[in-house]
Amino acid sequence: MSRFAGPERAPRATPPRLTPFTLPSFALFMALLVLVLLLGVLSLARGASAGQAVPAWTDPSPHQARFVDVAPGVKLEVLDWGGTGRDVVLLSGSGHTAHVYDEFALKLKDCCHVYGITRRGYGASSIPETGYDEPSLSNDVWTVIQTLDLKAPVLIGHSMAGAELTGVGMLHSDRLGGLVYLDAIGDSTDDPPDDPTWKALQAKLPPPGQPPVCTEDRSTFATFRVFLQCRHGIAIPEGDLRQGFATAADGSVGSWRSPDWVSRAIGTGRPARDYSKIKVPVLALNAAVDFDLSHLKPDQPQPRNDEERALLIAFGKATQAVLDRWSANLKRGVPDAKIVDMPGATHYLWMTREADVLREIHAFIAGLPPRR
């Protein structure tokens, strides 16, 4: 997706990961591997000689974790933050776990009993070889709902979780309370790079400015979180980072835990989005293009003259045209869906515009019919 001041997304075939890795040459890789192993041995030796052990980390988020069987040999981690009122189920975007809501979930407990599901392939959930197509992932969510005996729950999903919301909504509207899409109505068959106008304008964009200077420090998860916040402008909860990355013996941040093929399996072969059989209330909160170029980030294209400024605005209009098609598609299937565009909110809008998102969700849930 565009680096314009609109939503930030990853290509279809490669779902987003917070820190991209590139592979060096084999010789360099082996040299680095030997060095890393040697440093690790020395570090452990120093720790042993000093008689010091890395203290165990305790997740500060007040949730209870359990595992639910969704298929033979497949268990999903389910978090329960408690709360009173309507049952709410939080679903994360690709590459994240339910722990990405460790802080946000607490702000829904005043109206709801809040749960979160980590999809297969990530975190503490099972990593089976199959079952990453949209129908299987949607069925996983529905199986958890049935196992927990949730009554007319509201499903709230970010990014790729929109496919799971739609899949469950199309088949089980009679058992749901509502659906909330957090920048999650994207259609993989109508991505901006597929639009000739968008692609032509992108090729003409002025060069980006310098990105913020962020020192990557993986010595602890706390310092790694600070680095990611500097680089991406969002504060991922430490619990989600620890679910995504291994913890080294010295407490530092290790390698990505989920195999690369998992994201590739989830990110390919998606059908066009169809909302025609959804019969429950829908709220869609969408990141939208911010046409005020004074809000451009330093590492986005920087206009140097009026011509480049006009080009950036035209590119933004082409981007917004695709996003508007996504909204129109939702409206065709669910005419009464409420759609709220949030210019400049970015893809993680429930972090960057938390107060606005919470206000909309609270109002949506308060207006739902009583649970049957």
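How many cavities of 30 Å³ or more does a search of the whole structure find? It finds four.

Before the details, the basis. This is a predicted model, where local features need pLDDT of at least 70 and side-chain atom pairs count only at pLDDT 80 or more, while totals for chains, interfaces and linings use all residues. Residues are numbered from 1 along each chain as its sequence is written, and side-chain values use heavy atoms, with hydrogens and water left out.

I start with the sheet. Eight strands form an open, mixed sheet in the order S1-S2-S4-S3-S5-S6-S9-S10. Strands here are DSSP runs of E, at least two residues, and helices are runs of H or I, at least four, numbered from the N terminus. Two strands pair if DSSP finds at least two bridges between them. Strand S1 (64-71) and strand S10 (338-343) are the edges, each pairing on one side only. Strand S6 (residues 178-182) runs parallel to S9, joined by four bridges, and Leu-182 stands opposite Leu-285 in S9.

Next, two helices. The axes of H2 (residues 134-148) and H3 (residues 161-172) come within 8 Å and cross at roughly 70 degrees. Axes are lines fitted to C-alpha atoms, for helices over the stretch in contact, and angles run from 0 to 180 degrees between N-to-C directions. H2 and H3 are therefore roughly perpendicular, a term that covers 65 to 115 degrees. Contact means heavy atoms within 4.5 Å. On the H2 side the contact residues include Leu-137 and Val-141, and on the H3 side Glu-164. H3 also lies across S3, S5 and S6, at about 155 degrees to S5.

Back to the cavities. A cavity is a set of points on a 1 Å grid over the protein atoms alone where a 1.4 Å probe fits but cannot get out; lining residues have an atom within 4 Å of a point. Grid points are joined across faces, edges and corners, and a volume is the space filled by probe spheres set on the points.

The largest cavity has a volume of about 70 Å³. Of its 12 lining residues, those closest to the centre are Ile-185, Asn-286, Ala-287, Leu-323 and Trp-326. H8 gives the largest share of this lining, four residues.

The second largest cavity holds about 50 Å³. Its lining includes Leu-137, Val-141 and Glu-164, residues that also take part in the meeting of H2 and H3. The largest share of that lining, three residues, comes from H2.

Notes
Angles under 35 degrees count as roughly parallel, over 145 as roughly antiparallel, 65 to 115 as roughly perpendicular and the rest as oblique. On a 1 Å grid over the protein atoms alone, a cavity is a set of points where a 1.4 Å probe fits but cannot get out, and a pocket is an open set with protein on both sides within 12 Å along at least five of seven lines; lining residues have an atom within 4 Å of a point.
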